[in-house]
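I began with the handedness of a crossing.

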Amino acid sequence: MTTPVKAPVKSTKRGPGVPVQQEHWARRAVGRRETVLLGLLIVECIVLGQLSEFFLTVDNLLDTSRFFVEAGLIALGMTLVIITRGIDLSVGSLLALVSVTIGFSYQAGLPFALAVLLGFVVGGLGGLVNGLLIARLGLSALAVTLGTMALFRGVAFAVSDAGAVSSFPSSFDYVGQFYVGGQVPGQLLVFVVVAILVAVMLGRSWFGRWIYAVGHNELAARFAGLPVTRTKAMVYVITGLLVALAALIYTSRVSTARGNAGMGLELSVIAAVVLGGTDIRGGTGTIAGTILGVLILAMLQNGLTVAGVPTAWSLVAVGAVLIVGVYINETIRHD
Amino acid sequence: MPGDQVVRVALREVSKRFGGVVALSDVTFDLRAGEVHALVGENGAGKSTLMKVLAGIHQPDGGSLSIDGVETRLATPHAAVAAGIALIPQELELFEELSVVENLFVGARRPRTRSGLFDWGKMRARAREVFEALGVDTDVRRPVGALSAANQQLVEIGRALLRNAEVLIMDEPTAALTDREADRLFTVVADLRSRGVGIVYISHRLREIFALADRITVLRDGATVDTRPVGELDEAELVRLMVGRSMQELFTRSSHQAGGTLLEVEELSMAGRFEDVSFSVRAGEILGVSGLIGAGRSEVFKAVCGIEPSQSGEIRIAGAAVTPRTPAQAQALGLAYVPEERRSEGLILKMSIADNVTLSRLRTFSTWGLVKRSDQRTAAGAMTERLTVRGARLDAPVGRLSGGNQQKVVLAKALLGEPRVIVLDEPTRGVDVGAKSEIYRIVDELVRAGNAIVLVSSEMAEVLAMSDRVMVMHEGRVAGLFSRAEATPERLAAAASGAQHAGEAPAHRPRQTEVGE
Amino acid sequence: MSVAIPARPSSPAERLRRFATRPEAPSLVFLLAAVAVFSITVDGFLDVDNLQGTLSQVAIIGIVALAVNQVILGGEIDVSTGSMLATCAFLAGLVAERTSGLLAALAVALGVGAVLGAINGLLITRLRLPSIIATLGLLYVLRGTLLAEGGDTVANTPSGARVLGTGEILGIDVAVFLLIAVFGVFELLHRHSLWGREMLAVGGNAEAARIAGLRVDWIRFRGFLLVGVCVGLAAVVYVGQIGQVQATAATGFELQPIAAAVVGGTSIAGGRGSNLAPIVGAVLIGVILNVLTLLSVTGTYADLVMGALILVAISTDVLRRRLVGGSA
């Protein structure tokens, strides 16, 4: 009794049944959220460029990347988490824990490579704790990661005994401070590579489809035979490993491992992800969007700093951009 | 006499569209005080939409609504409640964590004490009064979530009574009730009727309708077919009005050659859901499974297909004992389950048709972890062609399709894995007549190809027309097993209600391979 | 006519069962057990001064937690309380410096708090932003503005205005009385105001609430407004206790009221909880931190303990439901 939607004039015979008109690719591109965000980024860069002539130089832009890579890597994982209707507030604390693990185990005599490996293990385990509590026991992600946020921070403080490690092998500094071809910061390349990997995984692989399926409709995913619990848990483990990588780069960059690293990091990561179009209620989101979100926020903070605006105002800017950006996203979503 | 009663509400030439889909066209319906007016029709005929218009949830695009003779517009559900109209939905909308008293009073005026505080004592007393009027004794302080479905329904009715509802709309009220609970409900309905309350009674259970109703209105494809006093109709005539053509034209049934036993289940049990269930299905055979909702049919097959594993009992596929504990394991064994609720259990509405069809087997379409879109499209395309899915491109979100086409997509997904045993749970619910016909054709093809089909359905006609054998369940147990010749509507209905039956012996002993009939 | 459930609500067994299913029951039992154990094993715990000190410290978190608890009951969340507290405290401190009195400072704090709460409410009900985003945004904007405009300024509060933080009545800190008073108000709202009952309904099943005719948006708005007012009140206590307020005050505070509510038994999903939950949660956290101090365990373990408490609390809730089932 429902009348199938009939196609108007121009039609292409593809797929089953009644053909539906092809949308012109340019029109589709314009309507997409990522395009809107890209536009926002460009406008923002132009405006910031006006505030300071130094902003739009290659030197400065590359320099900015040294700072946003850490948040960016974590944001990749956070995107996956939020798509599955979860959230992870513990990433900042986990960063500190991994950083402290690397630093203090090295100080305790472990060969450096092993210390780094241990760091990754800790990152993965931290993610696993979150994953099991949330996916297996079915506890609220907000509540669990609120708890692990405090727990990981506490362990980080306990391990470091409120102290810090600053002596690392000179080769270590290389990780966070090297430049490729003298110009491009090494961590930017790392970020690009990892981002591409995650983007391909999410957008093209069967695991990525599983993530979207679980985020859209967990019940139907289960009926279809998808291992829902494992998928949800894995997403937190992946985030944990990305946090470990970020911790490695961060520790190298500042040449210090201490327990209060990454405070407040989780909120700016979530802000970037949500700004990038990922719906906090789950089901949708892209890596491209997240990267744009990260860039928008990073450029904003850098641009303001370079223009001599006191850092306090960049906090205001981040908050404002978050509110406006999400409002725009929500409005687009309902059209 | 019902004929003399005053008309309480009247809907005249009401129309409603949702986007491009016409849900109601020029429907006329009226309800008198003190009558039970049954509203019947196939799934998708427009019954729910019409009642939502009456309850102020939807606004009609055309036509009028009058209450006690005065033309009114019910802009919100609240307006309808204020006008004395209460909807008891099929899916109850209660607050599970709150007490019975609380649920009764949400949105209603609460009595206060002299000092301005809520008078909880009075509220509790009022609540108990309401329930006494319903003939129920209950602890009103208990959280609603702890009550049985039947009692929760009474809380909904209680809410309506507290607000002095004069019109009650009941949507499939006995769907989740046992027989005793249903009987209790009928007493309540009769009592309300005698007090002058007008009741719209939507149900698929023709027996109930003939027992309770004063008048019957039939809807088909969004339009009124007829309204008649119950005395002027019988079941066959009613069905003809509902379906619009002779039942038999709908079904496709070639002769079946039954082969070896593919699925055997022995003494399967799950506490609280079903007990000691045993049956078998052969290749090239359709086993119909009927029974009232709540009888445990879906639960049994969800257990067999690994979605909610059973606690005890044995399952054998082609003679070998198996234990499917996850849906993926069941699929690997050649079992496929097409769920009841296609929108919440069967499909991911926002994902594309191609993704939905291949969802269970994405890995087989992947190399190096990445899904090969061309392979995916080819396979999905072939399946959707074969099942005549119409209405959108493979890339379009499956939510855009009509109910019937969506159901075909769910079927496509199940068939992609080339299962040997296919369980169809209410496959034609909410599906238009045309698509129903096509689905029956597909089922017939599958059977002829040598698969074993289980057809769980609440539509008697469907079960009777398509099945080779029929298993009837009642309150978690197998109440009867009938051959095609033995299965009549009376016997099936009797078994579903728990009466004693005659029929073939329950088949726990595996049948030997036989020459086809 | 079949009988549904027997109606004898006052039998002792029934009463006990009803208590056991209350959301704050496990944490309350745990708190009492902990207090009992600590009284025996930890020197100085039962000291009146010590107990007083613990409760006073808990007061600020408790007052805010009571309001945040209601928001959580309604199915939303508020992570802006840290910046709100700092803003109210800072402004109140400055006003107190100038006027040397309590009333002006109090009025300013309450007023500013109300405005901030209203902003949250509008962002969520008008702009339809998810509450975590709206309150997160406000958290940033407020903190940034405060740091930018406040800079290094320190508000030194004269003793006259510090009475809510340092004053005593009958030997007990004013702050504790305030906490009890606010609790009383919330209990009244919760049990005897339409708003309180409707908040529970909205958090339990927002769609059903809408259909039942509740004005869901207005109900939610009032929740956030109330958080702002309570933060304003807590700010004056804070100013009283600390004396000097800087722009960096209360950084990271926002998660404490949420933790208190969750540890106390309120479900973060909404629709389930009570006013006792955030109090029990805050006191429990406070007691354990106090004991750590008495045992000379360094402050670095505070986070660890808090984290463990939260995880244990939410896990036991799930377990308890599976065992006893239902709720009150």
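A crossing counts as right-handed if the near helix is turned clockwise from the far one by less than a right angle, and as left-handed if anticlockwise.

Entry 1. I noted that the model is predicted. By the above criterion, I recorded that α3(A) passes α13(A) in a right-handed crossing. Helix α3 (residues 58–83) of chain A packs against helix α13 (residues 287–306) of chain A at an angle of about 140°, and their axes are 9 Å apart. I then listed the residues in contact: α3(A) contributes, among them, A:F67, A:F68, A:A71 and A:G72, while α13(A) contributes residues including A:V294, A:A298 and A:M299. Sorted by class, this contact has 10 nonpolar and six polar residues, and no charged residues.

Entry 2. I turned to helix α8 (residues 186–204) and helix α9 (residues 206–216) of chain A, whose axes lie 5 Å apart at an angle of about 65°. α8(A) is therefore roughly perpendicular to α9(A). Here too I found a right-handed crossing, of α8(A) past α9(A). A:M201, A:L202, A:G203 and A:R204 of α8(A) meet A:F207, A:G208 and A:I211 of α9(A). I classed these contact residues as four nonpolar, two polar and one charged.

Entry 3. How many residues does the contact take from chain A and from chain B? I found 27 residues from chain A and 39 residues from chain B. On the side of chain B that touches chain A, the elements supplying at least two residues each include α11 (327–332), α14 (373–386) and α15 (403–416) of chain B. That side of chain B has 15 nonpolar, 14 polar and 10 charged residues.

Note on methods
Residues are numbered from 1 along each chain as its sequence is written. Chains are lettered from A and ligands numbered from 1 in the order in which they are written. This is a predicted model: local features need pLDDT of at least 70, side-chain atom pairs count only at pLDDT 80 or more; totals for chains, interfaces and linings use all residues. Two residues are in contact if their C-beta atoms, placed from the backbone, lie within 7 Å. Helices (H or I, at least four residues) and strands (E, at least two) are DSSP runs, numbered from the N terminus. Ala, Val, Leu, Ile, Met, Phe, Trp, Tyr, Cys and Pro count as nonpolar, Asp, Glu, Lys and Arg as charged, and the others, Gly among them, as polar. Axes are lines fitted to C-alpha atoms, for helices over the stretch in contact, and angles run from 0 to 180 degrees between N-to-C directions. Angles under 35 degrees count as roughly parallel, over 145 as roughly antiparallel, 65 to 115 as roughly perpendicular and the rest as oblique.
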